[in-house]
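Subject: Structure handover and findings

Hello,

Here is the structure for your set-up work. Please open it first, then read the notes below.

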Amino acid sequence: MMTDQGSSLFQITLQHRAASVETLLTDLLSDRPDNGEISRPPRLMAAMRHGVLNGGKRLRPFLVMESAALFGADTLAALRVAAALECIHCYSLIHDDLPAMDNDDMRRGQPTVHRKFDEAAAILAGDSLLTYAFELVAAEETELDAKAKVALVTTLARAAGIGGMTGGQTLDLEAEKVKPDEAGIIRLQAMKTGALIRFACEAGAIIGNASPEDRERLAEYGSAIGLAFQLADDLLDVTADAAEMGKATGKDAAAGKATLVSMHGIDWTKQQLSGLVAEAGDLLAPFGEQASLLKEAARFIAERQS
């Protein structure tokens with residue numbers, strides 16, 4: 001078990017990483033056209049900023065940067081990849097909140113993008129963030145060799161696309177009509193939520209030019225904490241209130257959606273979360289104390305209250 005000192009260091013580092021990525025994203029999402037851009041429509045940029053610069057823990061960027069640090073990777077390159085991943089994560093939230101998807105009015109305690117602006121602005125803001133993410137990875141300013149950039153672009157596209165996040169969202173919408181079995185729920189969650197978290201951890205190994213074995217080890221760690229993240233999210237949907245979460249709760253039950261929590265109960269879910277934290281620790285054991293913050297991240301994900 002981590003000490004209070006270890007937990008405090010994790011919180012400080014999480015906040016520091018979040019501040020770093022927010023500073024970069026604030027600059028990247030300004031109204032100022034970048035090289036080769038004709039213009040940046042102010043309303044589009046405002047909608048993008050509303051969907052990105054609205055708080056949040058920035059957990060995925062933290063995982064990219066901490067995983068990269070295990071291998072002594074270039075800090076700025078890791079930060080830019082982390083920002084790209086956050087663009088994709090935030091695009092997914094903007095689109096998930098739309099009336100045709102989850103139909104949410106609040107996100108992180110603020111009006112969702114389609115409520116603050118309109119549906120067209122939300123769709124275009126999400127589209128723009130998705131596209132911009134790949135530009136960030138491929139750009140000259142991200143000082144990685146071509147092989148690493150190709151690996152990052154390919155792996156990120158797979159995590160965000162058909163067999164990953166968007167495929168998972170499709171399965172999630174279908175689950176409102178036909179309840180999946182336990183295997184179906186696990187597959188859905190591994191795609192919708194877990195794929196981007198797995199990428200965040202694997203990306204650090206790619207940036208750091210790690211061995212194939214270490215890259216797979218980090219990816220498996222990402223899979224474990226990705227499942228823990230979704231389990232904790234489903235648990236909070238049952239146990240937390242909207243003020244704590246900054247968004248509506250109880251929606252899964254209201255929609256009749258099957259989750260592992262509804263299938264097995266709260267006590268079983270807490271046991272599973274403990275097991276996933278232990279699994280994450282075992283996967284990181286070869287890295288010793290260097291991985292202490294990533295181990296604490298697993299505990300934080302499993303025990304989070306919002």
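Where is asparagine 103 found? Asparagine 103 is in the loop between α4 and β1 (106-107). Helices here are DSSP runs of H or I with at least four residues, strands are runs of E with at least two, and both are numbered from the N terminus.

First, the ground rules. This is a predicted model, in which local features need pLDDT of at least 70 and side-chain atom pairs count only at pLDDT 80 or more, while totals for chains, interfaces and linings use all residues. Residues are numbered from 1 along each chain as its sequence is written, and side-chain values use heavy atoms, with hydrogens and water left out.

**Backbone**

Asparagine 103 has a positive phi, near 55°, and is not a glycine. Its relative accessible area is 39%, so it counts as partly exposed. The cut-offs: buried is under 20% relative accessible area, exposed is over 50%, and partly exposed lies in between (1.4 Å probe, protein chains only).

Asparagine 209 also has a positive phi, about 55°, without being a glycine. Asparagine 209 sits in the loop between α9 (182-207) and α10 (212-239). This residue is exposed, at 68% relative accessible area.

**Aromatic pairs**

The whole structure holds 3 aromatic pairs. Rings of Phe, Tyr and Trp (its six-membered ring) pair if their centres lie within 6.5 Å; planes under 30 degrees apart are stacked, over 60 edge-to-face, and the rest tilted. Phenylalanine 10 is buried, at 0% relative accessibility. Phenylalanine 62 is buried too, with a relative accessible area of 0%.

Phenylalanine 10 also pairs with phenylalanine 300. That pair is tilted, with 5.1 Å from centre to centre and 50° between the planes. Phenylalanine 300 lies in helix α15 (residues 292-303), so the pair ties together parts that are 290 residues apart in sequence. Phenylalanine 300 is buried at 14% relative accessibility. Phe10, Phe62 and Phe300 make one aromatic cluster.

α15 is mostly covered, with 9 of its 12 residues buried. Among them are Leu293, Leu294, Phe300 and Ile301.

In helix α8 (residues 165-174), the buried residues are Met165, Gly167, Gly168, Gln169 and Asp172. These pack against α4, α7 (146-160) and α9.

**Core**

The largest nonpolar core has 89 residues. Such a core is a set of buried Ala, Val, Leu, Ile, Met, Phe, Trp, Tyr and Cys residues joined through side-chain atoms within 4.5 Å. Helix α4 (residues 75-96) gives the largest share, 13 residues. Leu63, Leu152, Ile207, Leu218, Tyr221 and Ile225 have the most contacts inside the core. Leaving aside neighbours within four places in sequence, leucine 152 is in contact (heavy atoms within 4.5 Å) with Val81, Val137, Leu144, Phe199, Ala203, Ile206 and Ile207. In soluble globular proteins, nonpolar side chains tend to be buried together.

**Cysteines**

How many disulfides does a search of the whole structure find? The search finds 0. A disulfide is a pair of cysteine sulfur atoms within 2.5 Å. Cysteine 87 is buried at 0% relative accessible area. Cysteine 90 is buried as well, at 0%.

**Charges over rings**

The charged end of arginine 40 sits over the ring of tyrosine 132, 5.7 Å from its centre. Arginine 60 lies over the face of phenylalanine 229, 5.1 Å from the ring centre. The test is NZ of Lys or CZ of Arg within 6 Å of the ring centre and within 35 degrees of the ring normal.

Best wishes
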